There are 6 protein chains.
Amino acid sequence: MFVHNKRLQYTVRVSESNPGLANLMLEQFGGPQGELAAACRYFTQYLGEDDPGRKDMLIDIATEELSHLEVIGTIVGMLNKGAKGRLAEAVEEEGEIYRAITGAGNDSHITQVLYGGGPPLTNSAGVPWTSAYIDTIGEPTADLRSNIAAESRAKIVYERLIALTDDPGVKEALGFLMTREVAHQKSFEKALYSIQPNFPPGKQPPVKPFDGIYYNMSQGVGDLRGPWNSDENFTYVSDRADQSAVDGGDGRFSVQLTAAEDQVVEQMAARTMSDPQSNPMTGTDLGAGVVIAAPTGN
Amino acid sequence: MFVHNKRLQYTVRVSESNPGLANLMLEQFGGPQGELAAACRYFTQYLGEDDPGRKDMLIDIATEELSHLEVIGTIVGMLNKGAKGRLAEAVEEEGEIYRAITGAGNDSHITQVLYGGGPPLTNSAGVPWTSAYIDTIGEPTADLRSNIAAESRAKIVYERLIALTDDPGVKEALGFLMTREVAHQKSFEKALYSIQPNFPPGKQPPVKPFDGIYYNMSQGVGDLRGPWNSDENFTYVSDRADQSAVDGGDGRFSVQLTAAEDQVVEQMAARTMSDPQSNPMTGTDLGAGVVIAAPTGN
Amino acid sequence: MFVHNKRLQYTVRVSESNPGLANLMLEQFGGPQGELAAACRYFTQYLGEDDPGRKDMLIDIATEELSHLEVIGTIVGMLNKGAKGRLAEAVEEEGEIYRAITGAGNDSHITQVLYGGGPPLTNSAGVPWTSAYIDTIGEPTADLRSNIAAESRAKIVYERLIALTDDPGVKEALGFLMTREVAHQKSFEKALYSIQPNFPPGKQPPVKPFDGIYYNMSQGVGDLRGPWNSDENFTYVSDRADQSAVDGGDGRFSVQLTAAEDQVVEQMAARTMSDPQSNPMTGTDLGAGVVIAAPTGN
Amino acid sequence: MFVHNKRLQYTVRVSESNPGLANLMLEQFGGPQGELAAACRYFTQYLGEDDPGRKDMLIDIATEELSHLEVIGTIVGMLNKGAKGRLAEAVEEEGEIYRAITGAGNDSHITQVLYGGGPPLTNSAGVPWTSAYIDTIGEPTADLRSNIAAESRAKIVYERLIALTDDPGVKEALGFLMTREVAHQKSFEKALYSIQPNFPPGKQPPVKPFDGIYYNMSQGVGDLRGPWNSDENFTYVSDRADQSAVDGGDGRFSVQLTAAEDQVVEQMAARTMSDPQSNPMTGTDLGAGVVIAAPTGN
Amino acid sequence: MFVHNKRLQYTVRVSESNPGLANLMLEQFGGPQGELAAACRYFTQYLGEDDPGRKDMLIDIATEELSHLEVIGTIVGMLNKGAKGRLAEAVEEEGEIYRAITGAGNDSHITQVLYGGGPPLTNSAGVPWTSAYIDTIGEPTADLRSNIAAESRAKIVYERLIALTDDPGVKEALGFLMTREVAHQKSFEKALYSIQPNFPPGKQPPVKPFDGIYYNMSQGVGDLRGPWNSDENFTYVSDRADQSAVDGGDGRFSVQLTAAEDQVVEQMAARTMSDPQSNPMTGTDLGAGVVIAAPTGN
Amino acid sequence: MFVHNKRLQYTVRVSESNPGLANLMLEQFGGPQGELAAACRYFTQYLGEDDPGRKDMLIDIATEELSHLEVIGTIVGMLNKGAKGRLAEAVEEEGEIYRAITGAGNDSHITQVLYGGGPPLTNSAGVPWTSAYIDTIGEPTADLRSNIAAESRAKIVYERLIALTDDPGVKEALGFLMTREVAHQKSFEKALYSIQPNFPPGKQPPVKPFDGIYYNMSQGVGDLRGPWNSDENFTYVSDRADQSAVDGGDGRFSVQLTAAEDQVVEQMAARTMSDPQSNPMTGTDLGAGVVIAAPTGN
């Protein structure tokens with residue numbers, strides 16, 4: 001069960017209203033790398049997890065992400081507070097309000113007109129949050145890697161937001177939130193490597209020798225070797241002939257159909273056959289100005 | 001520039017039509033962990049990348065993923081081939097066609113009715129593919145971790161699909177595709193660790209001491225310690241009082257408004273004030289059967 | 001700040017695995033009327049709210065909805081638990097696994113193949129949750145009405161789920177969750193009507209006489225009068241002539257353009273003018289079998 | 001059957017082109033609270049409704065909303081008319097066109113570049129309209145409440161748009177549209193309360209005593225009592241121990257598995273067990289600059 | 001202005017309840033090729049159109065499509081009518097209701113559980129309708145071609161639905177709807193070709209010689225010539241060297257940066273440089289069972 | 001199998017950084033009419049196609065569209081290159097960075113803050129690409145028409161982008177891409193008309209006389225005749241009585257229910273009946289200031 005304490009995890013002190021900055025902060029509220037995504041990611045893993053250690057860790061961190069969602073949402077709310085009543089109360093001239101709304105230079109108009117200055121669960125372009133952002137698949141050796149990556153991304157987006165503001169209270173709170181992503185990444189890495197083995201993930205062994213081959217699929221000026229494709233680590237295959245039909249077959253495709261299936265397939269083929277010998281007049285001919293009268297009885 | 005060779009990277013031999021299985025295979029065609037997502041992920045990173053080694057690796061792997069998209073799409077096409085003409089040519093009784101369409105026991109009806117038996121870019125539930133699945137953010141120390149995780153997830157979904165079929169040709173091709181995810185994961189790991197340092201990702205240093213704290217946010221039977229929250233690795237904070245307002249402030253929020261802003265905020269507050277002293281009649285009263293005549297002149 | 005207690009708000013006892021039922025339960029986990037939607041709805045309103053009473057109520061209820069999300073998610077997890085390891089460990093014959101996956105008769109295949117048996121944030125058709133479900137607009141006299149309606153809808157969907165299962169533990173927990181929607185509706189109604197006046201919502205007065213007119217736009221057998229369009233409550237307008245151009249104008253549209261604007265508009269009109277006097281041959285003629293050779297030099 | 005009359009329901013007179021304002025008006029054309037959403041909401045309820053009075057009312061109002069969609073769409077079209085041909089005909093210098101497109105200060109670029117100056121079914125941020133906005137569930141005591149709330153929201157968004165423009169013709173038409181939402185809300189309220197009882201919605205009775213309890217889930221400075229949680233109306237529960245496991249159980253979760261299910265669950269648990277006694281080296285160690293050569297034979 | 005007449009455009013007589021068939025019919029109600037998409041497509045074009053003939057035609061056909069939406073929605077409603085009350089009234093045993101819901105063999109469960117048996121604006125997989133289906137761009141020589149294509153697609157999906165049912169009333173109504181798509185296609189073709197010239201669409205002339213070249217990008221067994229790439233109609237380019245850098249340049253990419261831009265680009269490059277000479281240990285090494293103790297002071 | 005050649009199909013030379021222009025170019029990268037949509041459209045048709053000529057053509061063009069995706073993505077990357085490192089390295093004052101980000105005057109902020117200056121698969125408003133843009137249905141006489149239309153649209157959006165920039169290298173590359181759409185349209189038209197007959201598309205004949213009727217559904221000032229509704233080509237029906245119930249029936253709807261179905265339908269009707277004789281007090285009365293004390297024992 002969740003309970004709530006009215007003290008924030010981190011005190012939020014904002015120097016002045018700034019709906020344009022508020023809008024950018026939405027990235028970490030309702031954006032793909034934001035705190036709702038983080039909380040939902042770990043919470044759903046927690047529900048599906050049976051390992052006692054990981055289960056405990058996942059709900060600890062999920063709960064903290066919810067508390068971070070509250071911090072970043074509070075920042076958005078404070079930055080919007082001055083603008084919030086403007087449209088609702090409409091005490092200024094219309095022209096002034098219009099200029100204020102459109103003058104912020106980014107998508108803050110949607111926060112103001114559609115969402116009334118509240119913090120909506122969208123990214124900074126106004127795109128609604130979707131659980132398509134969450135890549136949990138219910139296998140811990142994959143999910144923990146997904147979590148590690150997610151923490152890295154969140155850390156970076158916080159860096160970018162920090163670079164955008166000189167409001168000391170906002171900067172400080174963002175610095176805290178950014179740092180916690182680092183701590184969470186550490187925990188998830190410990191949890192991943194305390195499963196042994198964890199690579200390859202899952203249960204099925206890879207098929208030899210394909211797990212040790214690097215296909216040099218793009219060729220030309222710019223080809224470069226490094227540990228990711230070195231002879232030390234991989235068999236490096238550049239010959240185009242060795243890159244296709246690597247099973248030794250003919251590289252074609254086939255399916256065995258029943259007689260009844262064959263019949264409808266052939267019937268459809270006959271009906272929709274294109275005649276390679278023809279050279280029909282087409283809509284481009286008609287459209288390029290070759291005027292021809294419609295046949296009678298159209 | 002991309003060019004195409006009519007030989008597949010892996011020969012596809014399917015034993016018999018099976019639209020229900022085709023539908024499940026869509027997960028790796030147009031699903032979140034599928035080959036289109038993989039190809040788009042690495043291709044967009046390639047376009048944004050300036051480091052010569054990573055740029056080369058990303059386009060090599062992106063190109064191979066497109067070739068995998070062709071292999072899995074070909075499998076879907078072959079499994080659907082027998083069913084494809086049935087609706088189009090409609091040579092059976094309607095009742096039989098209806099039973100065939102609905103009897104497959106999963107969502108293959110959408111592939112057949114809406115998409116005509118072709119392989120659509122949807123997952124196995126018919127949900128259209130969206131680039132919201134792609135988590136590229138343009139910072140290599142994060143993006144490489146995202147790629148590592150993505151390869152892990154794709155490996156696992158292939159495992160699950162392999163477990164679902166006993167068609168030897170399908171099993172073999174899926175085994176190849178699964179294995180290549182393992183090889184790609186290796187390359188991305190090598191690329192990540194050949195950047196040094198790569199942790200914490202990005203440029204901004206974490207704020208001490210918050211990168212070394214583990215907040216025990218969920219408490220009760222089931223609390224457990226492990227390397228992810230051990231005293232060796234973390235400062236473990238369980239006291240609720242030490243979990244909130246960790247900056248030492250009051251845990252509240254504030255913003256400094258201008259006088260004009262204050263005025264509209266107050267005006268809106270007054271207009272929408274809720275009176276805690278009242279106990280008004282409500283719609284639930286009216287709806288629970290307390291019949292009261294409408295006032296005259298409504 | 002949110003904290004978590006490992007005891008659920010309501011004990012969950014499930015009698016047996018049932019992935020098909022689990023899938024239906026997703027409606028109240030990641031569906032539009034489900035608990036994530038409820039929690040996010042009230043939590044975002046809380047962040048944007050300044051009235052102390054409503055702010056407190058909104059976070060009380062938002063927190064409880066998160067705890068409900070945990071209860072329903074736990075039910076989904078328990079119902080899926082038996083099926084969860086099947087694909088991952090793949091100890092059965094492939095054919096059996098395939099039959100088990102597709103035989104449940106609804107979309108549970110996606111929960112199993114893509115999400116590994118965990119509770120995903122989708123509805124029962126596998127559609128990802130989106131914040132487009134949340135209709136908060138930042139005006140309490142509208143938002144409270146939205147909340148009242150949302151609680152009604154959630155109550156009904158719980159009713160339907162209760163009708164689908166005879167597992168006593170599931171039924172009991174669903175009954176609790178259903179009932180809490182009733183309690184929340186009561187609170188939101190009290191909060192709405194403790195704002196006076198709250199109708200019409202907002203600040204701008206309606207334009208007379210249009211707020212008292214009922215336009216009988218659909219006519220024919222089936223027209224019926226009731227309090228929603230009675231003469232007592234409304235002016236009832238059936239005459240088609242009185243339904244259009246109700247401002248007394250000509251019912252047309254116009255805009256004043258500058259000379260430069262006029263010029264490009266006319267230029268575009270000339271370029272794309274359709275000639276009503278022509279009767280051109282078209283693609284349907286060409287496609288209906290009127291074979292005409294392509295002109296030379298195409 | 002729908003038929004169309006070329007006179008608008010309200011005459012539209014626009015003073016001058018303004019693509020920036022046009023873009024904001026899209027909120028009520030293709031936005032979540034806009035006229036398409038309203039029309040679709042009532043039209044789908046009409047199709048599913050069997051009660052003769054409600055059925056008639058729903059199609060009356062649905063039809064009027066379509067006519068409103070035409071009015072707001074016409075406003076958008078007129079505001080964009082001057083800008084429409086600019087890109088198409090491209091008679092100005094490129095720099096000027098670019099400045100005109102990007103200088104409007106909001107998202108009008110998408111209306112111009114992608115949609116050619118026509119009114120697209122998106123909101124003001126360019127987000128495509130989705131039927132996820134529609135919350136119809138096929139139970140009138142819930143749907144009517146949803147309609148009441150939807151009319152409130154639409155009324156408010158019109159208020160905001162009215163505050164943004166000083167074009168008298170636009171203001172007047174918006175005032176009409178806003179007012180009609182008020183009239184529709186009245187009709188839906190009459191329809192709701194002419195069903196008796198309508199609370200609780202649906203058929204299943206609430207479970208005592210949970211429909212009369214208010215859980216004070218968020219505690220701290222800011223707790224406040226009002227009619228929504230007063231002792232007069234509710235049992236107010238603040239004790240944390242009385243908020244969890246309210247059924248009197250242990251607050252845990254369980255499911256009875258078959259022996260075969262148990263076996264795969266245990267097998268998966270063993271394979272993915274995390275060792276709480278370990279303290280493994282992790283990727284963060286490797287990434288923080290602890291350089292260690294790869295083992296031979298990688 | 002739209003008005004409504006209570007007589008349908010086509011009488012709907014359904015022989016018996018069939019929620020499974022109802023679900024498939026949703027393709028033409030809320031699916032991508034369905035009637036809402038058609039109506040919205042032509043209605044938005046009508047609003048943006050200035051040519052008097054096309055404007056009149058577009059609203060004629062848009063209005064008829066709305067009337068078709070009513071017909072197909074009525075069919076869905078009738079097919080669901082028997083199932084509608086079942087969940088709501090819950091007079092049967094739970095087990096029976098569950099079997100009825102899941103036994104239909106397709107996604108009708110969502111229509112019943114979430115939407116209460118009403119016709120929702122989704123496709124047959126439960127995917128919400130989105131205006132992303134509409135490809136109007138505000139240029140008539142493109143939009144009319146889009147309309148022609150849309151009518152073709154709708155005609156085909158109706159064919160498939162007709163093949164699925166033997167209910168004579170449903171079949172007959174679907175036949176009417178299918179046929180009207182044919183009539184509309186004819187009108188749109190006439191409208192397209194009454195603009196002369198209409199090819200190439202738009203205003204900018206193509207760049208010679210690239211409009212007359214066919215690049216044979218895919219090579220191997222299966223290459224085939226026809227009028228779409230014949231020497232008569234195109235210059236056929238197969239030589240790989242002539243397919244890249246067709247402008248005669250080097251096929252590379254470049255941008256001129258300012259000194260300040262150069263500096264940050266180089267700084268980022270240095271920070272994220274991957275060392276091709278290294279062969280670092282990676283997470284796959286750690287995860288493959290190479291157990292190494294974490295360094296002290298982690 | 002796809003392979004990649006490091007030379008672009010067209011050399012990209014960009015004169016200077018311009019993140020605002022980069023953002024607009026996204027329309028043809030990740031927008032609905034862009035190159036990913038084109039490549040996916042033809043590639044999925046290729047996989048489902050059995051006709052040898054069309055199959056070859058589709059993969060030729062799909063491959064070329066992937067190469068175009070690389071060209072337009074490279075343009076976006078170059079235009080963003082100067083801005084890319086700014087946020088990452090953060091060497092300027094925060095205020096300057098904020099002004100640079102928000103000053104571009106369109107949605108380029110999202111490309112920079114969320115995507116780090118890389119080319120994301122979104123349109124110019126930041127909306128993620130979705131396969132809902134692709135209208136392939138697996139019937140060549142429809143799909144080829146969809147392709148013809150898609151090429152027209154893409155041609156037009158390129159025209160608009162060309163009009164927005166005076167950078168000669170960008171203009172030249174866009175001119176090439178625009179022209180190739182013209183060439184592809186020609187090929188698709190040849191392929192369509194080499195199927196004979198191709199109209200009406202599909203197999204089912206239209207129902208007479210409905211394929212030859214034009215319903216004048218919208219009436220009033222502005223009615224106009226042309227070849228799309230001329231007496232020469234169509235039977236023109238204006239009489240409202242002849243537009244409804246065109247089958248000669250009563251224009252009503254019906255379904256035959258079983259006795260058990262009838263019973264639950266009636267039960268639901270009784271429970272939710274609205275009383276047309278009542279005039280109940282409603283929430284609008286309560287909300288308009290009619291203060292009434294709540295009944296005791298609420």
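Contact here means heavy atoms within 4.5 Å. On that basis, 31 residues from chain B and 31 residues from chain D make up the contact between them. Keep in mind that this is a predicted model, where local features need pLDDT of at least 70, side-chain atom pairs count only at pLDDT 80 or more, and totals for chains, interfaces and linings use all residues. Residues are numbered from 1 along each chain as its sequence is written, chains are lettered from A and ligands numbered from 1 in the order in which they are written, and side-chain values use heavy atoms, leaving out hydrogens and water.

- The size of an interface is often given as the accessible area lost when the parts come together.
- For chain B and chain D the buried area (accessible area, 1.4 Å probe, lost on being put together and summed over both) is about 2100 Å², and carbon and sulfur atoms give 55% of that.
- Zero salt bridges turn up across this interface, going by a side-chain nitrogen of Lys or Arg within 4 Å of a carboxyl oxygen of Asp or Glu.
- Polar contacts are another story: 10 residue pairs between chain B and chain D, both at pLDDT 80 or more. These are pairs of N or O atoms within 3.5 Å; within protein, one must be able to donate a hydrogen and the other to accept it, and residues adjacent in sequence count only if both atoms are side-chain atoms.
- On the chain B side, α8 (168–193) and α10 (283–287) each supply at least two of the residues touching chain D. The most comes from α10(B), with four residues. Helices (H or I, at least four residues) and strands (E, at least two) are DSSP runs, numbered from the N terminus.

**Aromatic pairs**

- Over all chains there are 57 aromatic pairs: rings of Phe, Tyr and Trp (its six-membered ring) with centres within 6.5 Å, called stacked with planes under 30 degrees apart, edge-to-face over 60 and tilted for the rest.
- Trp129(A) and Tyr133(A) are edge-to-face, because their ring centres are 6.1 Å apart and their planes stand at 80°.
- Both Trp129(A) and Tyr133(A) are buried (under 20% relative accessible area; exposed is over 50%, partly exposed in between; 1.4 Å probe, protein chains only).

**Charges over rings**

- The charged end of Lys55(D) sits over the Tyr46(D) ring, 4.6 Å from its centre; the rule asks for NZ of Lys or CZ of Arg within 6 Å of the ring centre and within 35 degrees of the ring normal.
- Arg252(E) lies over the face of Phe253(E), 5.2 Å from the ring centre.

How values were computed: Buried area = accessible area lost by both parts, 1.4 Å probe.
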